[in-house]
Amino acid sequence: MPRGERPTLTERRAEELRAAIARTAMEIFVADGDTSAKVERIAEAAGVSPRTFHRHFPVKEDVVRPLFRATSEAVAAALRDVPDTTDPVEALVVAWTAAMPGGRLSEFDRRFLTLMVTTSEYRLRWQEADQELCEVIAGYLDRRLPAGGHPLHRTLPAYLVVHATRHVFEHWITSGSEEDLAGLLRDALRMVLAGAAVR
């Protein structure tokens with residue numbers, strides 16, 4: 001769908017159903033402590049048939065995409081109206097932590113992300129969502145970086161920001177760290193943007 005167009009009622013309902021199935025899968029994965037639940041079990045718990053599940057998710061691992069997409073949309077929404085006078089690092093930290101109550105991941109979300117980081121098929125879905133987020137970050141940084149230059153001057157800082165952020169999350173999740181996540185993000189983003197001449 002082209003940007004700016006509103007989704008139809010049918011499209012909104014389909015997206016709501018995908019999100020509900022994704023949340024059900026997330027609850028099952030966290031309760032089980034692994035991602036081995038079969039499509040039939042997830043579909044039954046979500047109140048849909050396996051056929052409906054596969055209509056929305058060609059393979060089981062795609063079921064987490066709506067969860068990562070929602071996070072990307074929250075980041076984009078948080079950055080959309082940031083005044084140009086806001087420190088870009090602070091704006092990015094706030095954007096990434098906006099969906100977390102008190103700027104912290106719940107234990108449930110941390111266990112879910114641990115499964116995503118440690119299971120290659122699901123980690124790939126997270127990386128795919130991050131790839132889509134690069135364009136959002138590039139749009140934000142366009143307002144903050146000097147104009148002109150090579151096209152890489154636009155995309156490379158965004159790519160580095162997104163990947164540094166995922167690296168911080170992965171480190172924080174897999175190390176069992178109790179460090180302040182916002183502080184870790186802030187430090188990483190300052191390192192990444194130090195050489196980008198951000199205004």
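Contact is taken here as heavy atoms within 4.5 Å. The model is a predicted one, in which local features need pLDDT of at least 70, side-chain atom pairs count only at pLDDT 80 or more, and totals for chains, interfaces and linings use all residues. Residues are numbered from 1 along each chain as its sequence is written, and side-chain values use heavy atoms, with hydrogens and water left out.

The protein chain is assigned two parts, domain 1 (9-58) and domain 2 (64-198). These bounds come from an automatic or database domain assignment. Taken over C-alpha atoms, the domain centres lie 26 Å apart. Contact involves 13 residues of domain 1 and eleven residues of domain 2.

Buried area is the accessible area (1.4 Å probe) that two parts lose on being put together, summed over both. For domain 1 and domain 2 it comes to about 1,000 Å², with 80% on carbon and sulfur atoms. On the domain 1 side, Met26, Val30 and Thr35 lose the most area to domain 2. Together they account for 52% of what that side buries.

A salt bridge requires a side-chain nitrogen of Lys or Arg within 4 Å of a carboxyl oxygen of Asp or Glu. One salt bridge crosses the interface of domain 1 and domain 2. The structure holds 13 salt bridges. Arginine 69 sits in helix 4 (residues 65-80) and glutamate 15 in helix 1 (residues 9-32), so this pair links parts 54 residues apart in sequence. Their side chains meet in a salt bridge at 3.2 Å, N to O.

Residues 15-75 are 72% helix and 0% strand, and the end C-alpha atoms are 19 Å apart. Helices (H or I, at least four residues) and strands (E, at least two) are DSSP runs, numbered from the N terminus.
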